[in-house]
Amino acid sequence: MNIPPFPDDVATEELIVIDYGLLVIGDSREIGKLWDAATMQGFWYLRLDDLGPSADVMYALSHQALGLPLAEKVRLCSDDENGSFGYKAMGASAVDQKGTTDITEFMNISQDDVLAYPDVMHRSYPPLISNAMVHIIRPFVERCVSINKVLLNRLSDRLCLPEGTLCGKHSSGNRSCSELRFLRTKPCSDGSQIALGAHTDFGSLSLLFNQLGGLQILSPADGTWKYVKPIPGHAICNVGDALHIFSGGLLKSCVHRVMPPPGLQAQSERWSIAFFTRPCDHVILHPLVKMSGLVAVAAEEFPDIMSVHSTAAHWYTRKSTKFAVYDETH
Ligand SMILES: O=C(O)CCC(=O)C(=O)O
Ligand SMILES: [Fe+2]
């Protein structure tokens with residue numbers, strides 16, 4: 001794809017760049033950078049040397065999946081118990097108090113369904129997707145799972161939690177709301193139209209693969225919206241609510257949204273791929289104060305977090321319902 005340049009005259013957030021290979025080998029300086037990013041902005045770039053080919057194949061698949069006729073996609077509207085997996089049409093959620101609706105459609109594919117294929121854990125998918133499960137989707141999902149495991153282990157250690165604590169809350173084999181998402185935003189002549197409303201991510205860690213701008217974060221430094229510029233070869237990573245809660249508020253789940261791509265990019269359709277790692281459904285979201293003195297001290301400052309005591313599945317359902325109707329607190 002010929003990608004028009006990201007403009008240099010829009011407010012853009014500088015994110016810390018972290019090299020995934022150095023995290024894998026336990027480089028202490030890189031782990032320190034991950035800690036700084038996760039505790040300050042909650043967002044960072046993750047440099048992945050071999051991102052290119054698998055992401056390209058996934059973009060092609062996302063074009064085919066969201067290119068299915070609308071009637072077929074509508075038949076895939078989420079009907080699972082947590083209301084997540086399957087299709088979300090453009091306009092299904094409100095982006096402001098007036099009830100203006102979003103202009104982004106999704107196809108969500110459950111991690112459990114991908115890893116268990118051909119068994120079905122939550123729902124089935126159209127042949128276009130199921131035929132790609134083994135050779136295209138599963139290797140990509142397995143790679144995302146292993147990246148997020150490395151990130152969870154490094155963060156778990158820095159939180160002074162017993163070894164493997166965070167990964168243990170995400171063990172595959174138990175049902176979870178973890179999912180792969182394909183997103184498409186149609187070109188929009190109104191640059192002020194919010195494409196996907198402000199939210200924090202509901203799970204633990206999100207990996208985003210973007211080619212065009214449009215993602216904005218509410219900058220923790222000054223509370224204004226700033227674009228995140230996509231960098232080839234890098235995923236954009238962020239902390240979600242579950243890690244914010246487990247860590248007693250130390251790890252930041254930053255508010256973000258999607259706007260139409262800026263500048264010359266506005267003419268293009270925006271495609272994006274996201275992978276969300278979420279705790280297993282039965283896991284209780286609560287600060288891990290008994291497992292880490294660091295978390296216990298941090299949590300004292302956040303009474304709101306101390307009062308959270310919800311399963312991951314319930315948190316997900318409650319947040320996605322709020323997201324659909326617009327609620328300033330989501
Ligand atoms: O498309 C993007 O860049 C972000 C999407 C997002 O924030 C989400 O799906 O939760
Ligand atoms: Fe998000």
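The structure is a predicted model, in which local features need pLDDT of at least 70, side-chain atom pairs count only at pLDDT 80 or more, and totals for chains, interfaces and linings use all residues. Residues are numbered from 1 along each chain as its sequence is written, chains are lettered from A and ligands numbered from 1 in the order in which they are written, and side-chain values use heavy atoms, with hydrogens and water left out.

**The shell around ligand 1**

- Ligand 1 is surrounded by 13 residues, counted when one of their heavy atoms lies within 4 Å of the ligand.
- The closest of these residues are Arg181, His199, His256, Arg270 and Ser272.
- The shell holds six nonpolar, four polar and three charged residues; here Ala, Val, Leu, Ile, Met, Phe, Trp, Tyr, Cys and Pro count as nonpolar, Asp, Glu, Lys and Arg as charged, and the others, Gly among them, as polar.
- Strand 12 (270–277) is one of the strands that supply at least two shell residues each, and its three residues form the largest share; strands are DSSP runs of E with at least two residues, and helices are runs of H or I with at least four, numbered from the N terminus.

- A polar contact is a pair of N or O atoms within 3.5 Å.
- An N or O atom in the side chain of arginine 270 is 2.8 Å from an oxygen atom of ligand 1.
- For histidine 199, the corresponding distance from a side-chain N or O atom to a ligand oxygen atom is 3.0 Å.
- Aspartate 201 has a polar side-chain atom 3.2 Å from an oxygen atom of ligand 1.

**The largest pocket**

- Ligand 1 takes up the space of the largest pocket; a molecule sits in a pocket if more than half of its atoms lie within 2 Å of its grid points.
- On a 1 Å grid over the protein atoms alone, a pocket is an open set with protein on both sides within 12 Å along at least five of seven lines, a cavity is a set of points where a 1.4 Å probe fits but cannot get out, and lining residues have an atom within 4 Å of a point.
- The largest pocket contains about 500 Å³ of space, a volume being the space filled by probe spheres set on points joined across faces, edges and corners.
- Its lining has 33 residues, with Lys88, Phe106, Arg181, Phe202 and Phe323 nearest the centre.
- Helix 12 contributes five residues, the largest share of this lining.

**The largest cavity**

- There are three cavities of 30 Å³ or more, and the largest has a volume of about 140 Å³.
- Helix 7 gives four residues to the lining of the largest cavity, the largest share.

Conventions:
A polar contact is a pair of N or O atoms within 3.5 Å; within protein, one must be able to donate a hydrogen and the other to accept it, and residues adjacent in sequence count only if both atoms are side-chain atoms.
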